[in-house]
Amino acid sequence: MESVFNLATQHRETDSKIVAALERLSQAFRILLWEQTKEHDLSPIQIQFLVYLLYHQQERGSLCRVSRLAREFDLTQATVSDAVKSLEEKNLVYREPYPGDKRVFTLRLTPQGEQLALKLSTWANVIKENVAQFCSKEQEIVLKFLMQLIASLQRGGIITISRMCITCRFFQPDAHPGTDSPHHCKLIDKPLVNSELRIDCPEHEPLIEVKGQE
Ligand code: SF4
C-alpha cells in the first residue's frame with residue numbers, strides 16, 4: 001500500500017488526506033503540550049497525568065491507579081511509576097491506600113497539585129476555540145466520524161481504551177427513530193441527542209470485553 005504521505009497518491013485519495021490532516025492536528029497538540037512543559041518544568045506525560053487525575057479522581061478508584069494510567073496512556077507501568085515518583089517528589093500527587101486492600105493504592109492530587117492541574121487543564125482550549133467556529137451540525141458530523149474512527153482503531157488494537165457511548169453496553173443506537181433524541185442510555189434510562197454522546201464517560205462499560213478495558 002502507498003504511503004499516505006506520498007503526495008502523488010495523497011492528492012487523489014480522500015482517506016489519505018484525512019490521515020495526513022489528523023497527523024497535522026496531532027502535531028498541534030504536541031506543540032501546545034510542549035509549551036506547557038517549558039513553563040512548568042514537567043514532562044508532557046506528567047501534565048497529562050495531572051489533568052487526568054483532576055477529572056477522574058471522584059470516579060471509580062480503579063481509574064486512578066498506576067496500572068490504569070499505564071493502559072490509559074499506552075505506557076509501561078515502569079514509565080508511569082517513574083513519572084508518578086517525580087510528581088510525588090514535587091508534592092503534586094500522593095498515594096492513598098485503597099479501601100479493603102492495603103496492597104493497592106489510588107493516586108490523588110495534593111492541594112498544590114490540584115491548583116496546578118486546574119491551570120494546566122486549559123492547554124488544549126485554543127483548539128476548542130477554533131472548533132467552536134463551526135456550526136453545531138458540522139460539529140456533530142465530525143464527532144460521529146471521530147467516534148467511529150476511534151472505535152474502529154480500538155477494534156484493531158491500535159487504541160487501547162475508550163469510554164464512548166458507541167462502545168458501551170448501555171448504549172441503544174436509534175432507539176427512538178425520527179425524534180430529536182434518537183439514542184438511549186439504559187443506565188440513566190434517558191434518550192440522548194447526537195450532541196450528548198460521550199467521548200469519556202465514567203459509567204462506561206464495554207460492549208465487548210476488550211483486553212485492558214475496565
Ligand atoms: S453509560 Fe455513559 S457511555 Fe454508556 S451509554 Fe450511558 S452515557 Fe453513554
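This is a predicted model: local features need pLDDT of at least 70, side-chain atom pairs count only at pLDDT 80 or more; totals for chains, interfaces and linings use all residues.
Modeller: Residues are numbered from 1 along each chain as its sequence is written, and side-chain values use heavy atoms, with hydrogens and water left out.

Colleague: Why is Asp 15 called exposed?

Modeller: Exposed means over 50% relative accessible area, buried under 20%, and partly exposed in between, with a 1.4 Å probe and protein chains only. Asp 15 has 52% relative accessibility, so Asp 15 counts as exposed. Asp 15 belongs to helix α2, residues 14-40; helices are DSSP runs of H or I with at least four residues, strands are E runs of at least two, and both are numbered from the N terminus.

Colleague: What makes Met 147 buried?

Modeller: The relative accessible area of Met 147 is 2%, so Met 147 is buried. Met 147 lies in helix α8, residues 136-155. Leaving aside residues up to four places away in sequence, Met 147 touches Met 164, Ile 166, Leu 197, Arg 198 and Ile 199, where contact means heavy atoms within 4.5 Å.

Colleague: Why are α3 and α5 called roughly perpendicular?

Modeller: Helix α3 (residues 44-56) and helix α5 (residues 77-89) pack at about 75°, with axes 10 Å apart. The axes are lines fitted to C-alpha atoms over the stretch in contact, and angles run from 0 to 180 degrees between N-to-C directions. Under 35 degrees is roughly parallel, over 145 roughly antiparallel, 65 to 115 roughly perpendicular, and the rest oblique. The two helices α3 and α5 are therefore roughly perpendicular. The contact of α3 with α5 has 7 nonpolar, 2 polar and no charged residues.

Colleague: How do you know that the buried residues of α6 line one face of the helix?

Modeller: In helix α6 (residues 111-120), the buried residues are Gly 113, Leu 116, Ala 117 and Leu 120. Down the axis of α6 they fall within an arc of 105°, so they line one face; the arc is that of the directions from the helix axis to the C-beta atoms. Pro 111, Gln 115 and Lys 119 are exposed on the other side of α6.

Colleague: Which residues surround the ligand?

Modeller: The ligand is surrounded by Cys 165, Cys 168, Phe 170, Phe 171, Cys 185, Leu 187, Arg 198, Cys 201 and Glu 203, a residue being near if one of its heavy atoms lies within 4 Å.

Conventions: Ala, Val, Leu, Ile, Met, Phe, Trp, Tyr, Cys and Pro count as nonpolar, Asp, Glu, Lys and Arg as charged, and the others, Gly among them, as polar.
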